[in-house]
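Let's take a walk through this model together, one neighbourhood at a time. Have the sequence and the 3D view open as you read.

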Amino acid sequence: MPEIIIYFVVFAVVILSTLILILSRYRKCPSDKIMVIYGKVGTNADGTSRSAKCIHGGAAFVWPVIQAYAYLDLTPISISVDLTNALSRQNIRIDVPSRFTVGISTEPGIMQNAAERLLGLHLQEIQELAKDIIFGQLRLVIATMDIEEINTDRDKFLEAVSGNVETELKKIGLRLINVNVTDITDESGYIQALGREAAAKAINDAKISVAEADRAGAIGEANANRDRRIHVALADSEAIQGENDAKAKVAASDATRRELEAEAKRRAVAAEKIASARALSEAYDAERDAEQARAARERATLEADVLVKAEIDKTQQRIEAEAEAERTRIRARGEADAIFAKMEAESRGMEEILTRQAAGLAKIVQAAGGNPADAIRLLIADKIEDLVKIQVEAVKNLKIDKVTVWDGMGGQNNTSSTANFVSGLFKSLPPINDLLNMAGLNLPEFLGKPSEEKAEGEPSPAVSVASSDEPDAAE
């Protein structure tokens with residue numbers, strides 16, 4: 001009997017221990033974690049051994065000895081990615097500070113990648129691994145896009161970044177939860193210039209819209225005033241016409257009545273005829289006054305219509321004149337800018353000419369041994385042919401019509417005065433030696449010596465020269 005009790009107790013202890021062991025190895029997976037069972041967990045469809053079994057949102061029995069388990073935390077990981085000097089497609093470097101939120105994926109295939117590559121890593125290590133992948137893919141996306149696309153079409157940029165980054169993150173078992181680009185800047189200020197351009201365009205468009213609205217309002221108000229006055233004038237004219245028609249009918253009835261009364265009174269007594277004639281004359285006078293008043297009122301109405309139309313035409317002409325003045329001002333500003341640019345170009349050309357002339361003069365002075373006077377002589381020597389040509393041109397076209405000579409044979413050594421006169425006439429031209437002396441140069445000796453001064457008291461022939469414009473002289 002005691003042995004049976006002992007067997008029963010041992011059996012109960014074994015059963016209880018087994019139950020406790022089973023219960024302790026049956027593991028439930030929390031909702032914010034992935035339970036990874038590794039060890040001998042079965043085979044894949046192709047017959048290869050599975051490296052791990054991932055469970056999310058459930059429970060599984062972990063066999064002792066042949067299996068073990070661990071958890072992957074699904075807590076989102078926020079990664080700050082301060083990307084700088086990223087090269088865009090336009091070869092402009094930009095800074096793209098952003099923040100990415102990633103987490104371990106719960107998709108079946110992606111969970112397997114996470115179990116194989118992230119199990120056992122700390123949160124900081126996973127964050128650094130994801131950050132390296134994000135940096136590379138973000139630079140790759142920026143290199144394929146223009147700055148205008150990145151700055152204006154943020155949805156396209158974020159879509160491209162999300163697609164590239166998430167594809168790479170899935171390879172290690174992560175998924176991209178959110179992307180937030182805080183700001184985009186560049187070293188050259190290109191993005192800031194685009195913003196100023198857009199702001200200026202929006203302001204100009206708003207100003208144009210306001211001006212057009214003001215113009216439309218002014219025109220609408222003028223048209224409304226014109227219509228109101230026209231309709232009022234038409235109503236007044238119709239009322240006046242109705243009154244005049246009524247008065248005409250009354251006058252016709254009165255005239256008929258008075259004619260009958262006058263006829264009766266004429267047959268009665270002459271006095272009554274006179275009174276009736278006087279009354280009829282007064283009635284005619286009253287009708288004449290009424291017609292004159294009516295004519296004055298119609299004339300005033302027509303004048304009002306003319307004034308309204310003239311006022312409208314005046315307003316329209318003023319608006320057109322203001323528009324034409326604005327166009328003239330714009331053209332004037334454009335012409336002024338063109339003139340300024342032309343004058344600036346001419347001034348730069350003149351400055352270049354003077355600079356090159358100064359450089360040439362400096363080289364001439366250098367060639368003259370640094371002596372400015374010698375340099376001036378070189379310049380004059382280069383221009384001497386032109387100077388002689390100018391001197392010759394001065395007397396080239398001189399017309400001498402007549403020459404009268406009284407020859408007294410009083411020349412030197414009893415020579416003819418006429419011969420001396422002709423010789424002196426040619427000597428009156430500026431000698432080449434004198435020109436060179438005025439320029440600070442000397443004629444070489446082998447070309448001739450300077451002429452000596454004329455001796456005092458040398459007799460000169462009496463000569464009179466008459467041009468073709470003077471009266472004839474005695475020959």
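V36 has C54 in strand 3 as its bridge partner. Before going on, please keep in mind that this is a predicted model, in which local features need pLDDT of at least 70, side-chain atom pairs count only at pLDDT 80 or more, and totals for chains, interfaces and linings use all residues. Residues are numbered from 1 along each chain as its sequence is written, and side-chain values use heavy atoms, with hydrogens and water left out.

Strand 2 (residues 33–39) pairs with strand 3 in the antiparallel sense over 4 bridges. Strands here are DSSP runs of E with at least two residues, helices are runs of H or I with at least four, and both are numbered from the N terminus; two strands pair if DSSP finds at least two bridges between them. Zooming out, 3 strands form an open, antiparallel sheet in the order 3-2-5. Strand 3 (52–55) and strand 5 (67–73) each have a single partner strand, so they stand at the edges with one side left without a neighbour in the sheet. From one strand to the next, the twist averages 25 degrees.

What lies across strand 2, strand 3 and strand 5? Helix 2 does, running at about 125 degrees to strand 3. Such angles run from 0 to 180 degrees between N-to-C directions, with axes fitted to C-alpha atoms, for helices over the stretch in contact; contact means heavy atoms within 4.5 Å.

Now follow the chain to S105, in the loop between strand 7 (93–104) and helix 2 (108–117). Is S105 buried or exposed? S105 counts as buried because its relative accessibility is 2% (buried is under 20% relative accessible area, exposed over 50%, partly exposed in between, with a 1.4 Å probe and protein chains only). Neighbours within four places in sequence aside, S105 is in contact with I34, I110, M111, G173, L174 and R175. A polar atom of the S105 side chain also lies 3.2 Å from the backbone nitrogen of E107.

Finally, look at the aromatic rings. Rings of Phe, Tyr and Trp (its six-membered ring) pair if their centres lie within 6.5 Å; planes under 30 degrees apart are stacked, over 60 edge-to-face, and the rest tilted. By this rule there are 2 aromatic pairs. F61 and W63 are edge-to-face, 4.8 Å centre to centre with 85 degrees between the planes. Y69 and Y71 are also edge-to-face, at 5.8 Å and 80 degrees. Y69 is partly exposed at 28% relative accessibility, and Y71 is partly exposed at 30%.

Note on methods: Polar contact = N/O pair within 3.5 Å; in protein donor to acceptor, adjacent residues only side chain to side chain.
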